[in-house]
Amino acid sequence: MPRLTCQNCGTPVQVQGLAAICPECGLLVSVGQETAAQIDPVSAAETQYQPPPLPRQPDTARINRAIYWIMGSVIALVLILVGTLIVLVAMRRGGTAAPAPPPAPLAVAPAPKPRAAAEPQGSEWFSEKPGPEHGPGDATARPPAAAIAPGQRSTIEPSTTPPASESAADAAAPPPAPPVTQPKPAHPHAALAALKPGQPDPDRSRRLTDEQIGDALKRGLACLESQFSKTRLKDADQWDPETFAGLNALAVYALLHAGQSVGDPRFGPQSELVKGLLDRLKEYPMNGNRATYSRSLRISALGVYRRPQDRATMEADLQWLLRASRGGAYTYEMPPPQRSRDDNVWDNSNSQYGALGVWAAADAGLRVPASFWSDVEQHWTATQTHSGGWGYGPGATSATLSMTAAGITMLFVARDQLAIEAGASQSYLPLSRAISRALEWLDEGDNAVNIGAHPGYTYYGLERAGLASGYKYFGTHDWYLELAQRLIREQRDDGGWDGTDGRIAETSFALLFLARGRYPVFITKLRFDGNWNNRPRDIAVLTRFASQQFERTLNFQVADIQRNWWEWSDSPTLFISTDRPPQFADADVQKIRDFAQAGGIVFTHTERNSEEVNRFFADLARRAFPEHPFERLPEDHEIYSVVFPIESPRPPLMGVSNGVRLLMVHSPTELSRHWQPFPTRSQRVHSELAINIAAYSAGRRELRNRLASLYVPEPDAMPIGTVPLARLKFDGNWDPEPAAWPRMARIFQSQTGIALRLEPTDISDLRYEMAPIAHLTGLGDFNPTQAEIDALRVFVVRGGVLLIDAAAGKRQFADAVEQKLLPRMFAEASLAPLASDDPILSGVLAGSYDLREPLLRAGTTRPSTARQIQCMRAGAGLILYSRLDLTTALLGSNTIGIEGYSPQYAQRFVHNLVLWTIARIARQQ
């Protein structure tokens, strides 16, 4: 085996046969390239015979050509594969990267025409035509043999020049580049495609709601009802006759109030169940050792519905209680005639219940002498402890919550009844010193929430004190909210409550606390530094009159100006009354403005017909609502006829309106001096007008419960995503209800975890890249410019959703939209009703509501054709249009005089629309 030296690089190469490849430079080294003297000495020593030089072999050139052709083909294929991968990766990334240019392909000639010769010739070696030694598509080159000069690399390259006999069209040409699909541009709102509505805000669910109270009442109602055998409690033999009669009366009283609170028709005044319960209740004699409790509770139960057939029993119980009173004090039973209060055979628990029974009779219209109320006031004033509270019996020196609550209630009740007997002039009397001291005791520390050993009894007593005084807070405690939360935590699985006085009594007291405290707050009186309470019982007597007119129990409330404005919003009506101008800071005025813009109405009132006070309230209107005029309301304004038609001459009223509703109403003359629970004919007009003002903002029948506040707090949790929404601005009243959409955004985020980012935007500046949804509303005439029309058209065509409604259902804006806007945007398109099976209405989307049946505000009179939301599809987008109000409904208020959808329906429609928009973007992606 000879070893030769490479002539190119000098590397020794061991040759087996005729030739070998140099391991260093890659050139072919063959026998015959060197002389014998140049053979490696080691190789020469190993052989005894040195053959003569051989002639050049044509196979050497052929091998070189094959090697270089194979190497070039491999490199070309690698480049093609790399280029293809780059294109695929770019396409997979959504076209965000520019595709790399394709590599230059191998020059491949078209298939040649058939030839007679059996052997391939010329460029056919590089043809893809199957040959005798190649399978289909084999492009392996077979170059002809050629000589390679010694010491040279093979330079033969695949031929790309066609034979002269072939036309130019047959010439080999590069094939076209692989087709590359240009990626779509990124969607401007692609980030929304991944949003999925989540669960309601868990922190929000920990706040006590009216729905939770309603659920607790229903469960407690079912539990207490299960203790009855037809029309009386079961297991009567467990108690003595008097205890059983009183417990039965307490349970019936609780059933009626709880049933009324949750709207259970089985406990309505005409139901057979109620008739049976009340008729059976009248059969008990109630003359024994629990007669004071029993008769008081029976009057209270019969007084819920005040049926004419119950009046005789109520009168008999009233007379018994009047005879049993000893100077306004009571014991368990009828005391001997010779016994007086000074004999100290009384206790404050019986004294409370005896007076409560008399009060229930008076409230039902039975006659009670004024002397009785004087005795009650004197008794409770005389027995007050040095701390301002009350204890249980004679000589008590320390106070308890249950007895202090009893004392406050009795002093308020006595003062109210004395004022009624004395006439309107006494309503100017300030609160007694005894009441002020008692309220100070409740305001101190945690006195108002330290329940003590008899929880149900104390809950019921505190509820009476809270409702009699109207105070929302005792000290720092929102007494109803805090104690209702506690009761709901303590409720048993079967719906009842346990306690010292037994399951039936404890459950009855708990139901009374929850139900009576839950009733709607008709009006809230604002407490401020100054003469805010010249007539301490003005709204108390007005609310009692309103309760009679609406035939349902209503409450009133006192709220402090130092509190946040949303703590005033248990009622939609804020009453401010004085005879001397107070000093309101800018922060106070801002609270008043916020309260009104959130859906409430501010009812201001001048006492003693003071012109100085009238000027103060006119200035308050300008400070709170500088963008709206303060002017006299016309005599045909609907506020004069909301509930009661007020006859001429009508008392004058001033007001501030945002064009949709009244934000403020002011009476420049005194109305409250005529307010009475049982007004005379001449007094009624003043009470009726005040009720009209309150009902205007609350609705005629849609009065909401205490904790069903319109205020929606900011969500505590971070949003999972944000949807931009454009609020469209134009030259006019484009935002009559500034608080509506922010409230809707808080509701939507609390329900879905998705935030709405509201973007006030000039119409002419609107672009689809800004927001996928835009909302247009307004009042009065609307004259869009060509630039505004063009911007809206492009927004819709590109895929935007345009929602339009006429605020308050006002026709002028609706007509302008239909005549001046939509025809100029899309002349060939027309509006059509949004189909009930459309995903926006049908509730098929995850987290959406079924809105196929539209719900309208009470009093909406539009024909059925105007009640359907209309739609227009253009380009990739959608227009939704309503002649009825959607905007004001987002406040949640039931203000009278608005033609539109109910608040719940409008809020759910917007909810569905946003979810539908997100889902549509996801489909487009």
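Strand β9 (residues 521-527) pairs with strand β11 (residues 573-578) in the parallel sense, over two bridges, and Lys 525 has Phe 575 as its bridge partner in β11. Strands here are DSSP runs of E with at least two residues, helices are runs of H or I with at least four residues, both numbered from the N terminus, and two strands pair if DSSP finds at least two bridges between them. The model is predicted, with local features needing pLDDT of at least 70 and side-chain atom pairs counting only at pLDDT 80 or more, while totals for chains, interfaces and linings use all residues. Residues are numbered from 1 along each chain as its sequence is written, and side-chain values use heavy atoms, with hydrogens and water left out.

**Sheet**

- Seven strands form an open sheet of mixed pairing, in the order β10-β9-β11-β12-β15-β14-β13.
- β10 and β13 (630-632) stand at the edges with a single partner strand each, so one side of each has no neighbour in the sheet.

**Second largest pocket**

- This pocket (an open set of points on a 1 Å grid over the protein atoms alone, where a 1.4 Å probe fits, with protein on both sides within 12 Å along at least five of seven lines) is lined by residues that have an atom within 4 Å of a point.
- About 1,100 Å³ of space lies in the second largest pocket, the volume being the space filled by probe spheres set on the points, with grid points joined across faces, edges and corners.
- Its lining comprises 39 residues, of which Arg 306, Asp 363, Arg 516, Ser 547 and Thr 553 lie nearest the centre.
- Elements giving two or more residues to this lining include α5 (241-262), α9 (348-363) and β10 (555-560), and the largest share, five residues, comes from α16.

**Backbone geometry in loops**

- Most residues other than glycine have a negative phi, and most peptide bonds are trans.
- Ala 808, in the loop between β19 (801-805) and α22 (811-825), has a positive phi near 65 degrees, but is buried at 3% relative accessible area.
- A cis peptide bond, with omega about -5 degrees, joins Ser 648 and Pro 649, and Pro 649 lies in the loop between β13 and β14 (654-657).

Technical notes
Buried < 20%, exposed > 50% of the residue type's maximum accessible area, 1.4 Å probe, protein only.
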